[in-house]
Amino acid sequence: MAQTASIFLSLSIALLSGLLLSRVVKKLNLPAVTAYLIAGVLIGPFVLGALKIDGIGITSNQIDGLGLISDIALGFIAFAMGNEFRLSQLKKIGKKAVIIGIFQAVFTTIIVDAVLIGLHFIIPDKFPIQAAIILAAIATATAPAATLMVVKQYKAKGSVTDILLPVVALDDAVGLVVFAISFGIAKSIGSGPVDVLSIVVEPILEVVLSLLLGFVMGLLFTLCERFFHSRSKRMAISVTFVMMTVALSFLQFDLGPIHISFSSLLSCMMLGTVFCNFCEVSEELMERADRWTTPILILFFVISGAELELNVFADITVVLIGIVYIISRSLGKYFGASISAKMTKCDPNIVKYLGITLLPQAGVALGMANKAKELGDVGNIVCNITLFAVLIYEIVGPFLTKVALTKAGDIKKEGRVSAREEHLKNKELEQRKLKKQNNIKFCKWIIISI
């Protein structure tokens, strides 16, 4: 019972801290997702959580128990991104998105590879070449969560946003394949011959089977949705299938010498894609799911902030290599997107600003870094540098995304008012209307009396 109370208290602290800090950063004209991440850092194990007092912060042990929230949140994020793969939209930008998505990912890997391998020859004792190769592959990954949150918060709409979300979604698939190849090369350098099945075939199978799982679940979702007509039940069935797809994506088994696993991000993305293209009322359901998942997404970012390892700053070598990695990856993303956008004759705004919006990095990159731990000391170096980069990218990236989309004209000043302000305004209008009606009645009474 005490453990249950502790989990609920941790969740309430995380949600409240994120909401309160979002009011502060709004004055600084920063995205809300930045506030959630900073709130997580402040209440996490390295700041208030270090006090180990219930009701004050979140400890490392409590974070371990909150992993379910992150898994569900990522499922809904991927599901929402599937909405960007409607056939009507893909007919306009599909080919361009595919070319840009693949080109910028590969280009980034080449740039980071060249820079980090060069750094290896400068400090070979502290930075192995295997770490350089793996980090270059990790550089492909872009965090869909932070990008999508910024787009939703500011209701971004335009040429850059239209192509941004499909490109970010493609990053996961491309990143997994590039990482598989790079990881195999790094492993062969360190220990000689490697098993081609486990290094190359398994990651490719993961991509294909994850998409197949999402496709099947999408068809079942579309079929089941037809049996429900009320808004509440149709929203409930949406939540059910996203959670079910996340659960099934955790299945792992061996098929002979091959280990089979799934990616929840790719599966849920395909779930959303199939549903949006086969269900006639999918837009309405997608909008309702977005409203339902807002608290979960806030919790996800606060928990992500709490999970960031601040102790990576203690190693100056990690910091310096991390800075080089961040700069080279940023240049790779920017110029990779710009060059490929020019090649496909995209709008000038896409050429100029798309690369900036691809900088955020988090979950997928950390998953790749954890896989690298199999290489021992090399893997630990990769993990520490990735953690440092994620810490910087997750705090700075959303702000840069907002700036880029604003410069591109996708985020417009709408002069929106809050629900409270709108309520007061409507109340004032009603009072004026009532007063006018009373004045008219009074005038009529005077005329009749005369």
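Leaving aside neighbours within four places in sequence, Thr 401 is in contact with Val 150, Ile 356, Thr 357 and Pro 360. This threonine is found in helix α16, which covers residues 377-407. Is Thr 401 buried or exposed? Its relative accessibility is 0%, so Thr 401 counts as buried.

## The chain as a whole

Before going further, please keep in mind that this is a predicted model. The chain holds 17 helices and two strands. Of its 450 residues, 49% count as buried.

How much of the contact pattern links residues 24 or more positions apart? Among contacts in the chain with a separation of 6 or more, such pairs account for 80%.

Another residue to look up is Val 364, placed in helix α15 (residues 363-372). Val 364 has a relative accessible area of 16%, and because buried means under 20%, this valine is buried.

Which residues does Val 364 meet, once neighbours within four places in sequence are set aside? They are Ala 141, Asp 172 and Leu 265. Leu 265 lies 99 residues away from Val 364 along the chain, yet the C-alpha atoms of the two are separated by 9.0 Å.

## How α4 meets α12

Now for a pair of helices. Helix α4 (residues 67-81) packs with helix α12 (residues 282-307) at an angle of about 140°, and their axes are 9 Å apart. That angle makes α4 oblique to α12. The crossing in which α4 passes α12 is left-handed.

On the α4 side, the residues in contact are Ile 69, Ser 70, Ile 72, Ala 73, Leu 74, Phe 76, Ile 77, Phe 79 and Ala 80. They meet residues of α12 including Met 286, Asp 290, Trp 292, Thr 293 and Phe 300. What kinds of residue make up the contact of α4 with α12? There are 15 nonpolar residues, two polar and one charged.

In soluble globular proteins, nonpolar side chains tend to be buried together. Here, the largest nonpolar core has 120 residues, and those touching the most other members are Phe 127, Ile 138, Phe 301, Tyr 325 and Leu 354. Helix α8 (residues 159-191) gives the most to this core, with 14 residues.

Not counting residues up to four places away in sequence, Phe 127 touches Leu 116, Leu 119, His 120, Ala 132, Leu 135, Ile 321, Ile 381 and Ile 385. There is also a second, separate core of six residues, among them Ala 143, Leu 308, Val 390 and Leu 391.

Key: Residues numbered from 1 in each chain as written. Predicted model: local features only at pLDDT ≥ 70, side-chain atom pairs only at ≥ 80, totals over all residues. Heavy atoms only, no water. Axes fitted to C-alpha atoms, helices over the stretch in contact; angles between N-to-C directions. Helix = DSSP H or I, 4+ residues; strand = E, 2+ residues; numbered from the N terminus. Parallel < 35°, antiparallel > 145°, perpendicular 65-115°, else oblique. Left-handed = near helix turned anticlockwise from the far one by under 90°. Contact = heavy atoms within 4.5 Å. Nonpolar A, V, L, I, M, F, W, Y, C, P; charged D, E, K, R; others polar. Core = buried A, V, L, I, M, F, W, Y, C linked by side-chain atoms within 4.5 Å. Buried < 20%, exposed > 50% of the residue type's maximum accessible area, 1.4 Å probe, protein only.
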